[in-house]
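Morning, everyone. I have one structure to walk through today. Please have a look at it first.

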Amino acid sequence: MYISTHELTEETGQSDDYSLERVPRNKRNMGWLSITNITFGIATAIFYFQLGSVMALQFGAINAIISSVYAIIVAGILSTYISYLSAKSGLNVNLMSRGGGFGYIGASLTSLIYASNFIMYCALEGMILVYALNEFFPAIPMWVYILVFGTVVIPLNWFGIKQLDKLQKWSLPIFFVFLAAAIIMAFFVTSEYTGNVFTYMPEGVQVGGTALLLCIGMHHGIMGLTALIPSDYARFLKPKDMKATAAIGFIPQIFCYGIMGGLGIWFGVLLSEPNPGVYIVHLLGIGGALFTLITQLRINVTNIYSSSLSLSNFFENIANFRPGRRFWVVVSGVVAIILMLGGITENLDTALTFQGVFLLSWASVLVADAVIVKRLLKIGPAYYEARQDNLFKWNPVGVTALIVASGLGTIAALGFMGTFLASTAAFFAALLAAVLTVVIAILTKGAYYIRQENNDIPKEDHIA
């Protein structure tokens with residue numbers, strides 16, 4: 001018998017975040033500003049400072065700027081449409097994947113890798129904070145910082161999306177005060193570079209060509225994440241705010257790649273330092289440590305929240321194990337702490353490259369399935385079915401497209417298909433995933449989308 005998450009949460013007394021089912025229309029009561037505010041937890045991460053600084057110092061400020069514009073456009077378009085699908089259906093990307101071309105076991109593949117992605121980013125962001133605090137208080141052992149700040153995100157996630165909304169609202173003004181202070185202090189710094197910071201080019205580097213492709217390749221490692229993550233929150237959007245999904249999709253991308261990335265370019269060249277954990281403390285002293293603390297807590301509560309939803313989906317699909325979202329909050333936090341203590345974040349380049357390829361391919365499958373397969377070709381149901389009883393375990397449409405595209409994309413990213421595809425591997429994989437999704441859907445005639453149709457899904461929740 002199908003047991004709803006709502007029934008489970010009433011029995012366990014846990015907050016109802018609908019981690020395993022559709023958000024009912026009467027529970028979609030958050031305005032678009034609240035949704036965008038929560039996603040700002042991602043957009044304000046100091047990681048984007050680091051991304052801009054590293055790209056500018058290694059490949060030139062102009063190439064970094066061009067690449068940032070590209071990231072805003074591509075991630076913004078994907079994020080807008082995925083936010084729309086989520087708000088329309090009341091499902092996040094994990095649940096959309098079940099009826100969006102993967103089947104309920106096939107969707108487990110996406111859920112597990114999505115969860116691991118957030119946990120590793122949580123460890124990476126956590127280490128930026130640890131390094132910043134260690135820079136100012138070096139007498140305290142690194143492992144103490146890791147345990148303290150790896151643990152604190154767990155209670156901050158305890159009461160779900162309402163608590164996240166409040167946390168982000170309260171902390172956002174503080175973030176902007178510190179950000180303004182850092183910008184002001186930077187004006188009093190004497191730069192070693194005498195020209196315009198935003199025209200800086202390292203010796204021997206040209207605008208465009210390989211340097212630009214390498215910048216784009218770095219952006220690909222994170223663009224899939226920023227495109228997909230709004231779905232975890234847009235599912236709670238008020239139906240009357242549906243037209244605002246473009247704002248939910250684009251505003252965070254503009255801020256993280258444009259504002260934060262642009263400031264990272266400026267700070268990095270101005271101070272000849274790629275690590276924001278170092279230069280923010282240099283600019284603001286103990287205020288820099290506090291600034292880093294606020295920004296990293298903001299991003300890591302969203303990392304833990306999204307990983308807990310994905311793990312809930314994975315273990316329900318594979319083992320019918322439903323301990324509740326809070327259990328997975330604890331698991332995600334503990335695993336992130338173990339990764340930080342093990343120093344694994346120093347060797348994540350290959351994993352992040354694969355995840356960039358995987359996440360953009362996954363987003364591409366979902367968009368191609370919704371826009372072309374369901375809407376234009378009228379293949380499969382016009383809605384997302386997320387209940388196991390009504391689904392096949394596997395749907396070759398999404399599973400095959402994702403595995404083939406991600407596999408070839410990873411081979412390309414590792415350099416086996418030439419320099420051009422090495423830097424554009426994620427984009428190449430995304431295009432391939434979209435094409436394969438359509439072709440396989442046509443060949444299979446939509447036979448594996450749904451085992452039995454039901455008329456209990458409101459017409460308003462249909463996406464095609």
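I'll start with a term. Buried means under 20% relative accessible area, exposed means over 50%, and partly exposed is in between, with a 1.4 Å probe and protein chains only. Now the ground rules. This is a predicted model: local features need pLDDT of at least 70, side-chain atom pairs count only at pLDDT 80 or more, and totals for chains, interfaces and linings use all residues. Residues are numbered from 1 along each chain as its sequence is written, and side-chain values use heavy atoms, with hydrogens and water left out.

Salt bridges next. By that I mean a side-chain nitrogen of Lys or Arg within 4 Å of a carboxyl oxygen of Asp or Glu. How many does a search of the whole structure find? Nine.

Take Arg98 and Glu316. Their side chains meet in a salt bridge, 2.7 Å from N to O. Arg98 sits in helix α5 and Glu316 in helix α12, so this pair ties together parts 218 residues apart in sequence. Helices here are DSSP runs of H or I, at least four residues, numbered from the N terminus. Both Arg98 and Glu316 are buried.

Next, Asp461 and Arg25. The closest N and O atoms of this salt bridge are 2.7 Å apart. Asp461 lies in the segment after α17 (425-444), and Arg25 in the loop between α1 (5-12) and α2 (32-43), so parts 436 residues apart in sequence are tied together. Asp461 counts as buried because its relative accessibility is 1%. Arg25 is at 30%, so it counts as partly exposed.

Is Asp241 buried or exposed? Buried, because its relative accessibility is 12%. Lys240 is at 67%, so it counts as exposed. There is also a network: salt bridges with shared partners join Arg22, Arg25, Arg28 and Asp461.

On to the inside. A nonpolar core is a set of buried Ala, Val, Leu, Ile, Met, Phe, Trp, Tyr and Cys residues joined through side-chain atoms within 4.5 Å. The largest one has 133 residues. Tyr48, Phe49, Leu228, Tyr257, Phe267 and Trp362 touch the most other members. Which helix gives the most to this core? That is α5, with 20 residues. A second, separate core has seven residues, including Ile379, Ile440, Ala441 and Tyr449.

Now helix α13, residues 325-341. Its 17 residues reach 25 Å from first C-alpha to last. That is close to the expected 24 Å, which is 1.5 Å times one less than the number of residues. Its buried residues include Trp328, Val329, Ile337, Leu339 and Met340. What covers the buried residues of α13? The cover includes α5 (93-136), α6 (142-151) and α12 (286-319), where contact means heavy atoms within 4.5 Å. Just after α13, Gly343 takes a positive phi of about 70°.

Last stop, a loop residue. Ser272 is in the loop between α10 (245-271) and α11 (276-284). Ser272 is at 37% relative accessibility, so it counts as partly exposed. Leaving out residues up to four places away in sequence, Ser272 touches Leu57, Glu192 and Phe267. That Phe267 is among the residues touching the most other members of the largest core.

Methods: Helices (H or I, at least four residues) and strands (E, at least two) are DSSP runs, numbered from the N terminus.
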